[in-house]
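Okay, thanks for coming, everyone. Let me put the structure up and walk you through the packing.

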Amino acid sequence: MNILLIGYGKMGKMIDELAQQRGHHIVGRLTSKDKWNKETLLQLKPDVAIEFTHPEAAVNNILQCFEANVPVVVGTTGWYQHLDKITSLCIEKNQSLLYASNFSIGVNLFFKINDYVASLLKNYPEYNVSIIEAHHTQKKDAPSGTAISIAEQILNHYPFKNHWSINKENDDLYISVRRCGDEKGYHSVIYQSAIDEIQLSHHAFSRKGFALGAILAAEFLKDKKGVFQMKDVLNV
Ligand SMILES: NC(=O)c1ccc[n+]([C@@H]2O[C@H](COP(=O)([O-])OP(=O)(O)OC[C@H]3O[C@@H](n4cnc5c(N)ncnc54)[C@H](OP(=O)(O)O)[C@@H]3O)[C@@H](O)[C@H]2O)c1
């Protein structure tokens with residue numbers, strides 16, 4: 001498969017290495033310094049683009065892929081306020097998009113477990129629920145897209161909590177954000193009562209898990225039309 005990498009930072013480089021190991025060919029590696037547009041994509045002729053850039057750049061990059069008829073896998077987080085508009089455009093223009101706040105197989109299994117645990121614990125109001133997320137100090141968005149996905153799953157089961165929040169003072173679902181060193185990604189859901197605590201955690205030790213998931217997503221998306229998520233790739 002011919003893959004175009006949009007974004008060649010920590011994730012782009014890891015995907016480059018693993019994709020070649022899986023026998024794929026990288027047709028281009030774009031960074032913010034490159035001047036590129038629809039014509040560039042038409043010349044490079046990728047079967048699929050994998051986009052890991054910056055929250056401010058993601059929407060325009062997706063639109064360029066739609067214009068050039070290139071299926072796009074999007075790993076960038078922090079742009080989901082535009083998701084409804086992008087989803088409608090993708091369907092209207094008969095294009096292909098797969099986005100995930102987290103491509104790791106472990107985290108996607110964690111999502112499934114999180115949903116189940118929240119459905120049980122909602123019946124026990126003596127347990128207060130909160131979330132911790134920790135990432136490296138260069139991460140641009142906070143809280144992480146993964147923490148927001150986890151929070152939204154929990155909120156679906158807790159009708160008396162309307163929002164997540166990174167401020168401790170209010171009664172919403174609290175997400176504690178920590179930034180430290182080169183932390184690859186730690187997420188924990190904590191249910192705490194006066195007498196005990198239940199914790200559900202996922203800890204990424206390497207970016208390899210995200211990169212491999214993004215390549216599996218690209219292999220899945222190549223010949224499909226529409227909007228997909230990791231649960232479609234993994235069938236969970
Ligand atoms: N979904 C997941 O599983 C997952 C996992 C890890 C990270 N992420 C997210 O993925 C994103 C990237 O993470 P990272 O760690 O790879 O970041 P990074 O190391 O900062 O790399 C970002 C890359 O994007 C490039 N870039 C920025 N704007 C661009 C544009 N308009 N066109 C083309 N390239 C552009 C940058 O180019 P310059 O070097 O020229 O600035 C750089 O090469 C972040 O939003 C992060 O939160 C998601």
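So, the buried residues of α3 are Ala 58, Val 59, Asn 61, Ile 62, Gln 64, Cys 65 and Phe 66, where buried means under 20% relative accessible area with a 1.4 Å probe, protein chains only. That's 7 of the 10 residues in this helix, which runs over 58-67; helices here are DSSP runs of H or I, at least four residues, and strands are runs of E, at least two, numbered from the N terminus. Quick word on the source: this is a predicted model, with local features needing pLDDT of at least 70, side-chain atom pairs counting only at pLDDT 80 or more, and totals for chains, interfaces and linings using all residues. Residues are numbered from 1 along each chain as its sequence is written, and side-chain values use heavy atoms, with hydrogens and water left out.

What covers those α3 residues? Among the elements doing it are β1, α2, β3, β4, α4 and β5.

Next, the largest nonpolar core, which has 26 residues. By that I mean buried Ala, Val, Leu, Ile, Met, Phe, Trp, Tyr and Cys joined through side-chain atoms within 4.5 Å. Phe 103 is one of the members touching the most others. Helix α7 gives the most to this core, with 8 residues. There's also a second, separate core of 23 residues, and that one includes Val 59, which you'll remember from the buried list for α3.

Last stop, Phe 220. Both Phe 220 and Phe 228 are buried. The charged end of Lys 224 sits over the Phe 220 ring, 4.0 Å from its centre; the rule is NZ of Lys or CZ of Arg within 6 Å of the ring centre and within 35 degrees of the ring normal.

Note on methods:
Buried < 20%, exposed > 50% of the residue type's maximum accessible area, 1.4 Å probe, protein only. Contact = heavy atoms within 4.5 Å.
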